[in-house]
Amino acid sequence: MTARHAIFALIPALMAAPVAAQSDSEVTEFTLDNGMQVLVREDHRAPVVVSQIWYRVGSSYEGRGNTGLSHLFEHMMFKGTEEYAEGEFSEIISREGGRLNAFTGRDFSAYFEIMAADRLPIALELEADRMANLQIDSEALSTEREVVLEERRLRTEDRPEGRFGERYAAIANPGTGYAHPIIGWADDVAGLTVDDLEGWYQQWYTPSNATLVVAGDVEPEAVYALAREYFGGIPARDVPVVHDPENLDPPGERRLIYRDEQARVPQLRMGYEVPSFATADAARDPYALLMLATILDGGDGARLAETLVRGSGVAAAAGAGYNPMVRLDGEFSLFGVPADGDVDAVEEALREEIGRLQRQTVSEEELERARSQLLADHLFELDSVFYQAMQLGMLETTGAGWETLGAFEENVRALTAEDLQAAAQRYLRPEMLTVGIMQPVDQGDEA
Amino acid sequence: MEADIQEWETESGSQVLFVERHELPIVDVRLAFDAGSARDDGQAGLARMTSNLLLEGTTERNAGEIAREFERYGARVSTDSGRDTGQVSLRALSEAERLDPVIDNMADVIANADFPGDAVDRVRQQMLLGLQQAQSSASSLAEKAFARAIYGDHPYAAPPGGTLESVEAIDRQAVVDFHRRYYTANNATIVIVGDLDRARAEAIAERLSAALPDGESPEPLPEVKLPETAQTVRLPFEAEQTHVIIGQPSVRQGSDAYYPLYLGNHILGGGGLTSILAERMREERGLSYSSSSRITSGARRGRFQMATQVRNDALGEALEVMRGSLGELRDQGPSAERLDASKRNITGSFPLQLDSNRDLLGYVTSIGFHDLPHDYLQRFVDRIDGLDGDDVQSALQTHLDPARSVTVLVGPEATINGVE
């Protein structure tokens, strides 16, 4: 025992140095006169720059009948402006040795370029052009609609996991913008018009609704000057106020049993609706949930692998996760694949693990190990310039604010075993739970 | 910019490559063994099962104890295996107080893996479930059928994850023997990237290498025989789309033909949204979300492949566009504009490949394992820069013979039987 305590006592001291090296001062924030936000993260390891422009709009902003609009619009952003015809944007970036693409989430639409650091002006000029001057014509729309429907077939309709995931989300997020898929329902995508897309562009693609994140081998002042040069002339426009339901009553425990013709292996998903960085009343709650997920599934030494996979062996795989970087409430997720088809046994075992977190405080050893893992992983994330920029963009577009990053270490360190137990009791309650089971059609019929 | 790679050999005969990077207080360590599925010797899945079991126990400690001994220091360790290599990767904080115990743990686990019977049974069951699950994935079915068809009786033909029959039949002794035979000091390439000086890197490499047993270098792999005829493999699968792969074996690492083939592939379908396949299939016709091609090379011939997924009623048109695009490039060579644009992308994107320690680790591992020169990336760029359209065309003509081309179609029976 003595030796173990000696090692644990060392951990906080050892952790302090490296993590503190990542101070807030390495992110510099500017705001242009038209309201556009600019964040610069310096990383001089390689002569490379990542430029990402984030718009606060995504699938959760869509209403009935126009699901998939944000994503289809993202595709249309590659279809050309008056100055640069379709394909030219990509050709210019490619010829300059760069890579580009875009992604749409529930809370954001983002466009990025990765280039040699001295080519940043090229990326910014092109992004500014399509923020203001996009042309949307019906021919390009009808081709791109086909591309998106193919994407939907590929990711969702032709995959058992995709079909299951879409059904699960619809039940797990009652009454919110997270209930429908990011790519949209196929019928909605088929019905979207040029007017719908024009309207979306007018509403959301404006400087005051955008955050430019530049990370890499750059100087903040120089980026600021470039941002003013290219984006500064785009007129400011008001953005509609978004209304999302708040304070919904707990929906009650829900259960989805989905039988899939092509599935071969049963799967279990369980999710508790919990606060995010943006919606939490108490700032520490999301960190407590992160720690709880780490206690359960921080690695092969954590509880789920130890008890479900290796111990009783009811699960061939089991996991837990929680992403606090969402605009609305988030989900504390559990999943399991039964080792011999018995989904009920896996569900029971996962519920027992939640019960254990609620009944007993975690040991000092587990707490230190989870803390050590979270802080080390947080530091490891600095290796990817792209991910550094992603984090800033996600924190901004989900309403948490980029400064959240700087408070991470302090918040993780402050948590006690009692905090974790209290969070488990407060948030991991049956009335917030969705259980989803995917069964192969020829299995589990007796259930 | 070029990574400054230092190289030496340990007392026990492991090759070591090291790059100092002090910006972040982290260290990445990777051991790559010539222990991929190409060494399965008829028991498909054996290399993968050995890799999956590597951290599951020693004579002294069980899997949970081993894992927690990494986790308490915030270290991440993982194993994986492909056709050529079995690898163990570690990411850890660089302070000696946190790194040294983690390296000791890693050395002990790799060298003294004991493959407990219950762990063997559990991992076998996990692999079997994974294989069952993969039966409902059209892309996985297509990939396996393609490898089988292009590699014939070469060890590369078998899926690294094995088959339901082969995995079922692997017993503990086979795993023990595979580990003893291939996870040896002189069969290991040790790569270290991160916040260390040379002396500490040497100590780490010695510690890891000294723990490993001696062994004999494996026999070189057989050569890949090229397919003798063109063929189409059809696998029925109920879905709205048909998955398509078209291609053939390429060349091995270090082959001179790799450079013009790489450039040709970039123009055809390897260059993202601006390549010919993406333009014709996606942008112009809206036939698919993803249409691309890629070329790989390994210890033996890698592969060239074009891949897409299209709605069933458009399969015929898609095949025409894909085969037609490759044929056109082979018969006429690339246009001057496309050649220039691709060359500029490849040479200009050179710094992007080394911007993280993780990328650098992968790149240096490949240099070490395949005995490539330390300035491989710079040479690569220079070679690409020196190529013209005739070089590309003649490489395509020599190495991508339509008479040896394999097409794999995974989709509804009526659809896949309705096309050539």
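How many salt bridges does a search of the whole structure find over all chains? The search finds 62 of them, a salt bridge being a side-chain nitrogen of Lys or Arg within 4 Å of a carboxyl oxygen of Asp or Glu. The model is predicted, so that local features need pLDDT of at least 70 and side-chain atom pairs count only at pLDDT 80 or more, while totals for chains, interfaces and linings use all residues. Residues are numbered from 1 along each chain as its sequence is written, chains are lettered from A and ligands numbered from 1 in the order in which they are written, and side-chain values use heavy atoms, with hydrogens and water left out.

**View 1. The interface of chain A and chain B.** Between them, chain A and chain B bury about 5,700 Å², of which 56% lies on carbon and sulfur atoms; buried area is the accessible area (1.4 Å probe) that two parts lose on being put together, summed over both. R45(A), F380(A) and D383(A) supply 12% of the area that chain A buries against chain B, more than any other three residues. The contact draws 68 residues from chain A and 62 residues from chain B, where contact means heavy atoms within 4.5 Å.

**View 2. Polar and charged pairs across the interface.** Nine salt bridges are found across the interface of chain A and chain B. In one salt bridge, the side chains of R68(B) and E306(A) meet at 3.0 Å, N to O. Between chain A and chain B, 27 residue pairs are in polar contact, both residues at pLDDT 80 or more (a pair of N or O atoms within 3.5 Å; within protein, one must be able to donate a hydrogen and the other to accept it, and residues adjacent in sequence count only if both atoms are side-chain atoms). Helix α5 (residues 138-157) of chain A gives the most to the side of chain A that touches chain B, with 10 residues; helices (H or I, at least four residues) and strands (E, at least two) are DSSP runs, numbered from the N terminus.

View 3. R153(A) forms a salt bridge with E150(A), their closest N and O atoms lying 2.7 Å apart. Because R153(A) and E150(A) are three residues apart in helix α5 of chain A, about one helical turn separates them.

**View 4. The surroundings of R56(A).** R56(A) lies in the loop between β3 (48-55) and α2 (69-76) of chain A. Leaving aside neighbours within four places in sequence, R56(A) is in contact with residues including Q37(A), D107(A), W204(A) and E396(A). The side chains of R56(A) and T211(A) are joined by a polar contact of 2.8 Å.

**View 5. Helices α9 and α15 of chain B.** Helix α9 (residues 258-270) of chain B packs against helix α15 (residues 389-399) of chain B at an angle of about 100°, with their axes 8 Å apart; axes are lines fitted to C-alpha atoms, for helices over the stretch in contact, and angles run from 0 to 180 degrees between N-to-C directions. α9(B) and α15(B) are therefore roughly perpendicular to each other, the word covering angles of 65 to 115 degrees. P260(B), L261(B), L263(B) and G264(B) in α9(B) meet residues of α15(B), among them V392(B) and L396(B).

Note on methods:
Parallel < 35°, antiparallel > 145°, perpendicular 65-115°, else oblique.
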